[in-house]
Amino acid sequence: MERLNYKPQPKPASEQLSYLTFILVAVVFALFFVMPIVWSFANSFKPAAEALANPAALFSKAFSLENYRRLEHVGAGWYVYAGNSVVIAAGTVLLTVLVSVPAGYGFSKFRFPGQGLLFVLIMATMMIPFQSILTPLFLILKAVRLQNNLFGLVLIYVTFQLPFSVFMMRNAFDAVPKALIEAARIDGASQATILRRIMLPIALPGVATVAMFAFLNSWNEFLAALIFLSDQNKFTLPIMLVNVSSGIYGIIDWGALQAGIAVTMVPCIVLFLLLQRYYVRGLTAGAVK
């Protein structure tokens, strides 16, 4: 009866005020980050005259795909550059996951001579500025005939993505109790079976985090693609955006530029919305044992 008659005590006014202040600040910051995205999408569907209007209205009464049609005449066409970006991003994600998962599992659950030193050396590569080794990388790709090749660019991206990915996967596997592995060994499971059927499903948030970081970094990367690719038909979306922003005779086509930004943002936004739950869990994997 006491539980049925229980009435929760109202929160103190100071606590309610703090909560409302937090909500207000969070909404302001959310609008600060969301408005540029909304503005870019809105401008991409405006006619060319309205895109250049000053002051510019957020939304237009007329809906137009003219800006996206003009992107088809930028170089080889936006769909060619988008296809190149998809191939590079997919290859980077696939190779990064295939290498970092077994590597992270090995560093987490096995003990071998020089393990700590090897892990420190892998992590130390994260401190090497990418720009400082562009020339050696260019010479290496040229020597193996992978310069101006999408697969060569994938290898470059995977190389710089692996240290962080191995670190993330090691933390993800560290959070898995060793009792599960020991029980599987008693049942006669091999190491490959343990990794594939027991460890990998549990560490899936870490895999999703690694895949998301690999996709975003390779999708948005500009400098390496600009240097290592010389064929216009192999350029990626970031290079296309630079070509659009530079304009013809110094005149920038703002409508086409906003359309290109929208095309580039859509896959990143969709991927993050689909994997955001795994992303948060993957970042905190291994924090508590």
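The UniProt record, an unreviewed entry, places the feature "transmembrane region" at residues 20–42, 78–105, 117–144, 150–173, 194–215, 235–252 and 259–279. UniProt positions follow the numbering used here, feature names are shortened, and annotations may be inferred rather than shown by experiment. The structure is a predicted model, in which local features need pLDDT of at least 70, side-chain atom pairs count only at pLDDT 80 or more, and totals for chains, interfaces and linings use all residues. Residues are numbered from 1 along each chain as its sequence is written, and side-chain values use heavy atoms, with hydrogens and water left out.

Two of the annotated stretches were examined. Over residues 150–173 the chain is 100% helix and 0% strand, with end C-alpha atoms 32 Å apart. Over residues 194–215 the figures are 95% helix and 0% strand, and the end C-alpha atoms lie 27 Å apart.

The protein chain has 13 helices and zero strands. Helices (H or I, at least four residues) and strands (E, at least two) are DSSP runs, numbered from the N terminus. Of the 289 residues, 36% count as buried. Buried means under 20% relative accessible area, exposed over 50%, and partly exposed in between (1.4 Å probe, protein chains only). Contact means heavy atoms within 4.5 Å. Among contacts with a separation of 6 or more, 71% come from residues 24 or more positions apart.

Helix α10 covers residues 204–220. Its 17 residues should span 24 Å at 1.5 Å a residue, and its end C-alpha atoms are 24 Å apart, which agrees. The expected span is 1.5 Å times one less than the number of residues. Twelve of the 17 residues are buried, so α10 is largely enclosed by the rest of the structure. Among them are Pro205, Gly206, Met212, Phe215 and Trp219.

Helix α4 covers residues 78–109 and contains Asn84. Asn84 counts as buried, at 10% relative accessibility. Not counting residues up to four places away in sequence, Asn84 touches Leu150, Asn233, Lys234 and Phe235.

Helix α4 also meets helix α9 (residues 191–202); their axes come within 12 Å and cross at roughly 100 degrees. The two helices are therefore roughly perpendicular to each other. Axes are lines fitted to C-alpha atoms, for helices over the stretch in contact, and angles run from 0 to 180 degrees between N-to-C directions. Angles under 35 degrees count as roughly parallel, over 145 as roughly antiparallel, 65 to 115 as roughly perpendicular and the rest as oblique. Val101, Pro102, Tyr105 and Lys109 in α4 meet Gln191, Ile194, Leu195, Met199 and Leu200 in α9.
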